[in-house]
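Me: Here is the model I have open; please go through it with me piece by piece.
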Amino acid sequence: SIILAIESSCDETSAAIVKDGQVISNIITTQSVHEQYGGVVPELASRAHLQQIVPVVDAAIQKAGISKKDITAVAFTQAPGLIGSLLVGACFAKGFAQALNIPLIAVHHMQAHVLAHFIEDPKPAFPFLCLTVSGGHTQIVLCHSHLEMEILGETLDDAAGEAFDKIAKMLQLPYPGGPLVDKHAAKGNPEKFPFPIPDIKEFDFSFSGIKTAVLYFLQKQQKTDPDFIQNNIDDICASVQHTIIKALMKKFEKAAKAYKITHVGIAGGVSANSGLRKALQEYGVKNKWNVYLPKFEYCTDNAAMIGITAYYKMMKEQFADMSVVPSARTQWT
Ligand code: ATP
Ligand code: MG
Ligand code: FE
């Protein structure tokens, strides 16, 4: 099989070619238009996808060294995401499938983030426990097989990536701030400014409290030192990152123990965070886990993960109808 996969759920336009379960091209373009607004502007995202989709798909096909008529199925992100952004990918995929008379595969974006672990070797064994940490979600996912997944816990308010980005904004860092917090944190002291770790039931998370705690802390410090942020940026970032990672790992370890799982991994944009990657490895040594870390290219949004998910769906003949429509929010599977 040769699958053309399209991802357009947020502010990345991406296309990939997956041949017999192997990613042979993966083109990702990130929209820079949002930077000046400090966050993604949905209408601008949709328009930028419209401009990018054809060149990005062309580039993926070219890089793969195939021609359009070799493609045997078209996959796209159906949900969740910004509706205007999803529509661009969905309409393009439908048109492409209809023109070439090939089947259509609808993919759930959060399931795809988890299955990014199956792009390259070594691939996790089942049962596999995945901590998905992205811009819109924070989930502990128990995978029984490639397509049978169970959400054990999730955030009750903000996502981990959202907390990184919102706190970065308070620190006057440009959007998206997560990677910049990571950079500053590497040079700072994580114990310098202690912030409280929320105590939430079971395997669920909460990040809005940390956000508020940082806001009040900064306001208080700036009363006596107007340059507090500039003078302490590395230590603030290190302390914030340390707190978010501790909150994540506390619940993840609890879930792994409760379900006696030894194959564990992280996924989603925040899984690119160097502190979180290091923490997972340290917890892995302590708990004798087999730890899986996705390549950076497959952490944030990309079409390769959509293509690999489509590959597993295709093997189970899970095709979509031409009547399929994208959805901003959907429960998966
Ligand atoms: P979702 O997948 O929930 O729909 P999304 O697709 O917008 O959301 P991703 O592209 O998976 O999210 O991840 C983007 C998020 O990852 C942003 O919040 C960004 O700040 C964060 N992120 C990326 N790299 C890092 C890093 N090194 N450290 C911390 N956060 C990071
Ligand atoms: Mg993005
Ligand atoms: Fe995502």
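Me: Which helices each supply at least two residues of the shell around ligand 1?
Reply: Those are α3 (109–115), α4 (160–170) and α5 (178–185), where helices are DSSP runs of H or I of at least four residues, strands are runs of E of at least two, and both are numbered from the N terminus. Please keep in mind that this is a predicted model, in which local features need pLDDT of at least 70 and side-chain atom pairs count only at pLDDT 80 or more, whereas totals for chains, interfaces and linings use all residues. Residues are numbered from 1 along each chain as its sequence is written, while chains are lettered from A and ligands numbered from 1 in the order in which they are written.

Me: How many residues surround ligand 1, and which are the closest?
Reply: There are 23 residues around ligand 1, and the closest are Gly135, Gly136, Gly161, Gly178 and Gly269; a residue is taken as near the molecule if its C-beta atom, placed from the backbone, lies within 6 Å of it.

Me: And what does that shell look like by class?
Reply: The shell around ligand 1 has six nonpolar, 14 polar and three charged residues, with Ala, Val, Leu, Ile, Met, Phe, Trp, Tyr, Cys and Pro counted as nonpolar, Asp, Glu, Lys and Arg as charged, and the others, Gly among them, as polar.

Me: Back to α5, then: which of its residues are buried?
Reply: Gly178, Val181, Asp182, His184 and Ala185 are buried in α5, and what covers them includes α4, α7 and α8. A residue counts as buried if 20 or more other C-beta atoms lie within 10 Å of its own, as exposed if 12 or fewer do, and as partly exposed in between, with C-beta atoms placed from the backbone.

Me: What about His113, is it buried or exposed?
Reply: His113, which lies in helix α3, counts as buried because it has 30 C-beta neighbours inside 10 Å. Leaving aside neighbours within four places in sequence, His113 is in contact with Thr132, Ser134, Ala267, Gly268 and Met305, contact meaning that the C-beta atoms of two residues, placed from the backbone, lie within 7 Å. Pro294 is 181 residues away from His113 along the chain, yet their C-alpha atoms are separated by 9.7 Å.

Me: New topic: how do α7 and α8 cross?
Reply: The axes of α7 (residues 228–258) and α8 (residues 274–287) come within 10 Å and cross at roughly 35 degrees, the axes being lines fitted to C-alpha atoms over the stretch in contact and the angles running from 0 to 180 degrees between N-to-C directions. The crossing is right-handed, that is, the near helix is turned clockwise from the far one by less than a right angle, anticlockwise being left-handed.

Me: Which residues meet there?
Reply: From α7 come Gln241, Ile245, Leu248, Met249, Glu253 and Ala256, and these meet Gly275, Leu276, Ala279, Tyr283 and Asn287 of α8. By class, this contact has seven nonpolar, three polar and one charged residues.

Me: What is phi at Asp20 and at Gln172?
Reply: Phi of Asp20 is near 45 degrees and phi of Gln172 is near 60 degrees, whereas most residues other than glycine have a negative phi. Asp20 is found in the loop between β2 (12–19) and β3 (22–30), and Gln172 in the loop between α4 and α5. Asp20 counts as exposed because it has 9 C-beta neighbours inside 10 Å, and Gln172 is exposed with 10 other C-beta atoms within 10 Å.

Me: Last one: how many helices and strands does the chain have?
Reply: The chain comes to nine helices and 10 strands.
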